[in-house]
Amino acid sequence: MATARKLPSGRWRVKAYDYKDSNGKEHYKSFTADTKKEAEYQAALFSLNKKKSNSKNYDLTLKEAMYKYCEMKSNVLSPTTLTSYKSFMNHTFKDYHDILIKKIDSTFAQRLINDVSIGRSPKTVRNGYGFFYVVLKAFLPELHLNITLPQKVKPKLYVPTDNDIKTITEHLSNNDRELLKAVYLAAFGTLRRSEICALTAADVKDDVIHVNKALVLNEQKEWVIKTTKTLSSIRVVDMPAIIMKEFSTQGKLVNLNPNQISNRFTKVLKTLDIQCFRFHDLRHYAASMMHAIGVPDVYIMQRGGWSSDNTLKKIYRGVMDDYREKFTEKTLEHIEELASDQTRNHTQKNKKP
């Protein structure tokens with residue numbers, strides 16, 4: 001057992017071994033008390049409890065550990081996240097349920113990732129590993145894994161154009177006004193499906209929408225109201241009066257659930273022979289449209305409920321095709337003007353008097 005040392009203040013301090021990181025560096029936990037005996041007792045108690053805890057956790061199978069983790073987090077994780085975690089547990093890692101977590105090291109984890117990568121997208125594998133790792137760290141805090149994950153694939157997203165939005169809204173105004181309202185809120189208000197479906201007339205005041213909740217599926221496949229995806233998603237969104245006239249002053253703003261929105265939207269795109277894209281991509285349109293007309297990123301982030309500009313940099317700055325053509329033409333005109341001036345000046349200099 002480590003021996004306590006007296007500090008200049010007169011108190012006693014002792015360090016107890018905690019864990020070794022992936023670089024081989026040892027980390028210690030410090031205990032300070034008024035007496036040498038008390039400091040050493042605290043350190044000894046910590047080491048004993050740590051040993052008992054680790055011994056108990058070592059006997060858990062991967063399935064037991066994953067189940068216990070979901071149980072521990074059931075009141076703090078969103079229903080969507082819990083459903084995703086249980087899907088990973090029951091499908092992605094089903095062939096590894098019986099492995100004892102004490103046998104898992106970097107070599108084993110790498111083999112596991114290689115296996116589950118077959119037939120799955122890099123994003124799915126990365127998300128699955130994220131769950132796998134936090135579970136292990138919850139029960140084996142000393143464990144440190146060093147593995148290689150599948151390389152990220154740059155998403156190929158289609159950003160709808162102004163013309164797409166006009167075509168869709170004109171069609172919906174005559175055929176599906178409920179879906180039309182959902183499209184308005186996504187394409188012009190940057191709202192997610194879950195946020196749209198949770199809105200009621202009580203969330204609207206003077207053409208300002210207060211976004212503060214979401215409609216999601218729980219583990220029992222029931223639609224329930226929960227908090228928004230992130231804290232930054234709680235926001236206010238100003239909308240034009242001409243759009244807000246479409247909405248009722250009582251009850252829900254849109255009488256659809258998220259799945260109904262997606263299914264009906266997909267059918268509309270096929271009917272109109274528009275390139276297929278997700279309903280969620282209407283948020284891409286909203287952000288790209290604002291970026292294209294010069295709206296500052298800080299305002300785009302606030303309106304869309306993004307906590308940082310990482311998403312904007314990776315996805316939402318894909319300028320729409322019609323804006324790209326407009327700005328390309330403007331760029332070429334400017335280049336031609338500069339080239340013409342240079343040619344004209346060169347001609348005048350070489351012109352004989």
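Val 224 lies in strand E7 (residues 223–226); helices (H or I, at least four residues) and strands (E, at least two) are DSSP runs numbered from the N terminus. The model is a predicted one, in which local features need pLDDT of at least 70 and side-chain atom pairs count only at pLDDT 80 or more, while totals for chains, interfaces and linings use all residues. Residues are numbered from 1 along each chain as its sequence is written, and side-chain values use heavy atoms, with hydrogens and water left out.

With a relative accessibility of 24%, Val 224 counts as partly exposed (buried means under 20% relative accessible area, exposed over 50%, partly exposed in between, with a 1.4 Å probe and protein chains only). Leaving aside residues up to four places away in sequence, Val 224 touches Pro 79, Ala 214, Leu 215, Val 216 and Asn 218; contact means heavy atoms within 4.5 Å. Ala 214 is 10 residues from Val 224 in sequence, and their C-alpha atoms are 8.2 Å apart in space.

## The open sheet

Three strands, in the order E4-E5-E8, form an open sheet with antiparallel pairing. Strands E4 (204–205) and E8 (235–238) stand at the edges with a single partner strand each, so one side of each has no neighbour in the sheet.

Strand E5 (residues 208–211) pairs with E8 in the antiparallel sense over four bridges; two strands pair if DSSP finds at least two bridges between them. Ile 209 has Val 237 in E8 as its bridge partner.

## Helices H6 and H7

Helix H6 (residues 162–175) packs against helix H7 (residues 177–187) at an angle of about 150°, and their axes are 7 Å apart. Axes are lines fitted to C-alpha atoms, for helices over the stretch in contact, and angles run from 0 to 180 degrees between N-to-C directions. H6 and H7 are therefore roughly antiparallel, a term for angles over 145 degrees. The residues in contact include Ile 165 and Leu 172 of H6 and Leu 180 and Tyr 184 of H7.

## Helices H2 and H3

Helix H2 (residues 62–72) and helix H3 (residues 79–92) pack at about 175°, with their axes 10 Å apart. This makes H2 roughly antiparallel to H3. Lys 63, Met 66, Tyr 67, Tyr 69 and Cys 70 of H2 meet Leu 82, Tyr 85, Lys 86 and Met 89 of H3.

Note on methods
Angles under 35 degrees count as roughly parallel, over 145 as roughly antiparallel, 65 to 115 as roughly perpendicular and the rest as oblique.
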